[in-house]
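The following exercises concern the structure shown below.

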Amino acid sequence: MVKIDQITLPDFPLLLAPMEDVSDPPFRAVCKDNGADLMYTEFISSEGLIRDAIKSRQKLDIFDYERPVGIQIFGGDEEALALSARIVEAVNPDLLDINFGCPVKKVAMKGAGAGVLKDVDLMVRLTAAVVKSTTLPVTVKTRLGWDDNSKNIEEVAERLQDCGIKALAIHGRTRAQMYKGEADWTLIAKVKNNPRIHIPVFGNGDIDSPQKAADYKNRYGVDGIMIGRAAIGYPWIFREIRHYLNTGELLAPPTLEERVEVARKHLRKSLEWKGPIAGINEMRRHYANYLKGLPNIKEYRNRLVTLKTMEEVEEVLDEVKEKYNGFVIERTAIELINYHEKCPV
Ligand SMILES: Cc1cc2nc3c(=O)[nH]c(=O)nc-3n(C[C@H](O)[C@H](O)[C@H](O)COP(=O)(O)O)c2cc1C
């Protein structure tokens, strides 16, 4: 078992990565059903929270069935981060995570997200300000460093632990890399194997299959892994990894019925959370992923993305279920999109 302060997680927990515009409550609900052991909200601007920006406040929504769940914030100003930590505490998540990994210009160049990696003293001050202002366990998610010449994660890990953080998640890329190249887990392993480090260290970057998860577990010895892109449209990745770790065997891919039922649950949660109009609209980008691998599905997909009510969408989902009854969708490799500059974080 792995402990983040008072939070108990199973051995080698599988974490759902925070993802802007992706890891919202409806998506988290289906990941939780499929075995995500710890989940986070997408990153929330500390300045936005303080200004009470409606968009930022809505991102704070968490539900009891999701626990343990963390709220992630970002910012480059001590006072703003400390104040927003208090706002977060009022919502009562299980933990508060600080984002020091976001590479996009609008965040990193303002001295927040991965921008802070260039100034470890500032990073320490920001973290200390948050730790001091809340009773929640504080964790950090970051990258290896700013660029190839400044991979300072080993120093960062020690200093943040000394500040009182309770766990560290490391994406095995530098800020300069954005999403290019392969994530390098060797430095993550170095942090984990540093005898001074006693907090859990979670590895992140490029996990896209049960075999890779098991391989990286053995090779790098991290306390758990965080999965981002591979879960988008495929929340079953969590249960498949868990099954493989437990048995050494690959679980059969989800059946058509399961795919339809997960799409249905995602839809219902989306409407519950976002309301009938935004809920329907936001769900539209998910159908293609859930129904991937079905022959001639285009006609249904086109209908699904134009319908306006939940009842209509559910009818089409029923039709799909009936038409493809018994069809076995073959396992295909999960494709990790290389977000490069396009990626929000
Ligand atoms: C669409 C998208 C949005 C993201 N948003 C966030 C975010 O809000 N906070 C954060 O710490 N990382 C964010 N990330 C980075 C992921 O958490 C993760 O570190 C990265 O995708 C690498 O993991 P993966 O290879 O498993 O996807 C985002 C990534 C993607 C693809």
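The model is predicted: local features require pLDDT of at least 70, side-chain atom pairs count only at pLDDT 80 or more, and totals for chains, interfaces and linings use all residues. Residues are numbered from 1 along each chain as its sequence is written.

**Exercise 1.** Describe the surroundings of helix α1 (residues 25-33).

*Solution.* Begin at the residue that comes after the helix: α1 is followed by Gly35, which has a positive phi, near 105°. Helices (H or I, at least four residues) and strands (E, at least two) are DSSP runs, numbered from the N terminus.

Next, apply the burial criterion: a residue is buried if 20 or more other C-beta atoms lie within 10 Å of its own, exposed if 12 or fewer, and partly exposed in between, with C-beta atoms placed from the backbone. In α1 the buried residues are Pro25, Pro26, Phe27, Arg28, Ala29, Val30, Cys31 and Lys32.

Then identify the partners, taking two residues as in contact if their C-beta atoms, placed from the backbone, lie within 7 Å. The buried residues of α1 pack against β3 (14-16), β4 (38-45), α10 (237-247) and α11 (256-274).

Finally, conclude: eight of the nine residues of α1 are buried, so the helix is largely enclosed by the rest of the structure.

**Exercise 2.** Determine how α11 and helix α15 (residues 310-323) are arranged.

*Solution.* Two packed helices are described by the angle between their axes and the distance between the axes. Axes are lines fitted to C-alpha atoms, for helices over the stretch in contact, and angles run from 0 to 180 degrees between N-to-C directions. The axes of α11 and α15 come within 10 Å and cross at roughly 175°.

Angles under 35 degrees count as roughly parallel, over 145 as roughly antiparallel, 65 to 115 as roughly perpendicular and the rest as oblique. The pair is therefore roughly antiparallel.

For the residues involved, Leu256, Glu257, Val260, Ala263, Arg264, Leu267 and Leu271 of α11 meet Met310, Val313, Glu314, Leu317, Val320 and Lys321 of α15. By class, this contact holds nine nonpolar, no polar and four charged residues; Ala, Val, Leu, Ile, Met, Phe, Trp, Tyr, Cys and Pro count as nonpolar, Asp, Glu, Lys and Arg as charged, and the others, Gly among them, as polar.

**Exercise 3.** How many residues does each domain bring to the contact between domain 1 and domain 2?

*Solution.* First, locate the domains: domain 1 covers 2-251 and domain 2 covers 256-323, with bounds from an automatic or database domain assignment. Their C-alpha centres lie 30 Å apart. The contact takes 10 residues from domain 1 and nine residues from domain 2. On the domain 1 side, eight are nonpolar, one is polar and one is charged.
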